[in-house]
Amino acid sequence: MTTDALETTWLPAIRKANGPLYIAIANAIAADIAEGRLSEGARLPPQRALASALGIDFTTVSRAYNEARHRGLVEGRVGQGTYVKAKRMKGLQPAADGLVDMSMNLPPLFDDAALTMRLWSDIASLQGEHGLDLLMRYQAPGGTLHNRAVGANWLQPRLGEIPAERVLICAGAQSALLAAISSLAKPGDVIAAETIAYPGLRALAAHLGIDLVGVPIDKNGIVPEQLEEICKSTKLRALYCNPTLHNPTTATLPLERRKAIVAIARTHGVAIIEDDAYGALPIAAPLPLAALAPDLVYHIAGLAKCLSPALRIAYLVVPDRQSCVRIEGAIRATSGMAPPFNAAIATRWIEDGTAREVLGAIRQEVTIRQTMVSRLLPRDVVQTDQEGFHVWLHLPLPWTRGDFSGRLRASGISVVASDAFALDLAPEAVRLGLGAARTHEELQRSLMTIADLLQQSPAASSLVV
């Protein structure tokens, strides 16, 4: 057998993708390294031999090897060939005490080395596709038309067909919320929101001098009749709501209530700001408000909870061209633009299917973690949804949220008390984030600590002397 025949025993499995073939080959190298099919120090086939085996042009393989070299996956040795350089991803190491900060509502880490490698490889491949322009140029406040079109495609399963011109790219959901609120209200105006609401909304309203009024909620979310009464007695500029996997209560607003809320808002001329931070997580959820009333709703779909918090990219879908121009002005005045590099990464991940695979991996991990919650925490105090990664914990008497949070903090666990969310009286409850734990063992030990504390009385658990 010839040397070339031996060298071509490795052949890349080319995934179907929209990008160039050389990128697909480089991605295959990355995936095989992550999954152990190409070990550190392994020699890749000579470029001409691989080109012949794949039936492609030599220059395509040459570009693929160069791309892999740029990503730090391989190295060329003069007169010897091309060798694998990258190490396989190491498993996550648990913290020494097994306890975690559960105050942050992060998507859980998934254990998929090949998918992790693809995420990093896609980032590295942007160099070959965009060159220096991506790093050294500004973009329009709402993003490029291509990135906006890809965002519309990402949202299509939930919102239906959306013109790219109605989609604006923002530097995260908070930036999108700032742009929407500042374009709809001025200091002294009133906006309604769930009486237990996202803390970022409260911070923005205080910063902008906008008054918030709380709409009562029950286990299913906003009570439409209560919203109707507020609309009759108060001149509202907008209604902010988080109808799917509500933060912090985890409630999902039923379809009939969504229709009722849209009808009330339309009757009273109230714009709706729909924060759909968790909307991508459920396999099947009720239609978003923006699908029911696209002419009335400002829809915010961030990627932090379903893809990557580090991207700081959110899609803001606006009702029409006039509101688009107004909000582009707000984006220009407040953040200038979303980072083009981050927007390009998001676009790449969506276009080649990586984003859908990450979403699937997050969903699988959520199922595992919610199973642990069902097994370890008392059902009568837990309010959660099996497709979300946070828990609203109703505290039994005589516990107060302050005492309970303090005891957990002494044990090394941080949670968020209801005061951070309350627009009115705060209930005796805390929010637990399930995603911050790096391992299942860490989460299990933390949940067991919480369960043990729930069974004690505040006086018995006190260490004050």
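Student: In which loop is Thr 250 found?
Tutor: The model is a predicted one, in which local features need pLDDT of at least 70, side-chain atom pairs count only at pLDDT 80 or more, and totals for chains, interfaces and linings use all residues. Residues are numbered from 1 along each chain as its sequence is written, and side-chain values use heavy atoms, with hydrogens and water left out. Helices (H or I, at least four residues) and strands (E, at least two) are DSSP runs, numbered from the N terminus. By that numbering, Thr 250 is found in the loop between β8 and α11.

Student: What is the phi of Thr 250, and is Thr 250 buried or exposed?
Tutor: Most residues other than glycine have a negative phi. Thr 250 has a positive value instead, near 70 degrees. Relative accessible area is taken with a 1.4 Å probe and protein chains only, and buried means under 20%, exposed over 50%, and partly exposed in between. Because its relative accessibility is 5%, Thr 250 counts as buried.

Student: What is the omega of the cis peptide bond that joins Leu 397 and Pro 398?
Tutor: Pro 398 lies in the loop between β13 (390-394) and α16 (401-410). For the cis bond between Leu 397 and Pro 398, omega is about 5 degrees.

Student: Where does Arg 312 lie, and what is its relative accessible area?
Tutor: Arg 312 lies in the loop between β10 (297-302) and β11 (314-317), and its phi, near 55 degrees, is a positive value in a residue other than glycine. Arg 312 is partly exposed, and its relative accessible area is 39%.

Student: How is helix α2 oriented to helix α5?
Tutor: Axes are lines fitted to C-alpha atoms, for helices over the stretch in contact, and angles run from 0 to 180 degrees between N-to-C directions. Angles under 35 degrees count as roughly parallel, over 145 as roughly antiparallel, 65 to 115 as roughly perpendicular and the rest as oblique. The axes of α2 (residues 21-34) and α5 (residues 113-130) come within 9 Å and cross at roughly 150 degrees. The orientation of α2 to α5 is therefore roughly antiparallel.

Student: How many nonpolar residues does the contact of α2 with α5 have?
Tutor: Contact means heavy atoms within 4.5 Å, and Ala, Val, Leu, Ile, Met, Phe, Trp, Tyr, Cys and Pro count as nonpolar, Asp, Glu, Lys and Arg as charged, and the others, Gly among them, as polar. On the α2 side the residues include Tyr 22, Ile 23 and Asn 27, and those they meet in α5 include Met 117, Asp 122 and Glu 129. Besides four polar and two charged residues, the contact has a nonpolar count of nine.

Student: Is the crossing of α8 and α13 left-handed or right-handed?
Tutor: The axes of α8 (residues 173-184) and α13 (residues 321-334) come within 9 Å and cross at roughly 120 degrees, so the two helices are oblique to each other. A crossing is left-handed if the near helix is turned anticlockwise from the far one by less than a right angle, and right-handed if clockwise. The crossing of α8 and α13 is right-handed.

Student: Which residues of α3 meet α4?
Tutor: α3 and α4 (residues 58-70) pack at about 120 degrees with their axes 8 Å apart, which means that α3 is oblique to α4. Within α3 (residues 47-54), Ala 49, Leu 50 and Ala 51 are buried. The α4 side of the contact consists of Phe 58, Val 61, Ser 62 and Tyr 65, and the α3 residues that meet them are Gln 47, Arg 48, Leu 50 and Ala 51.
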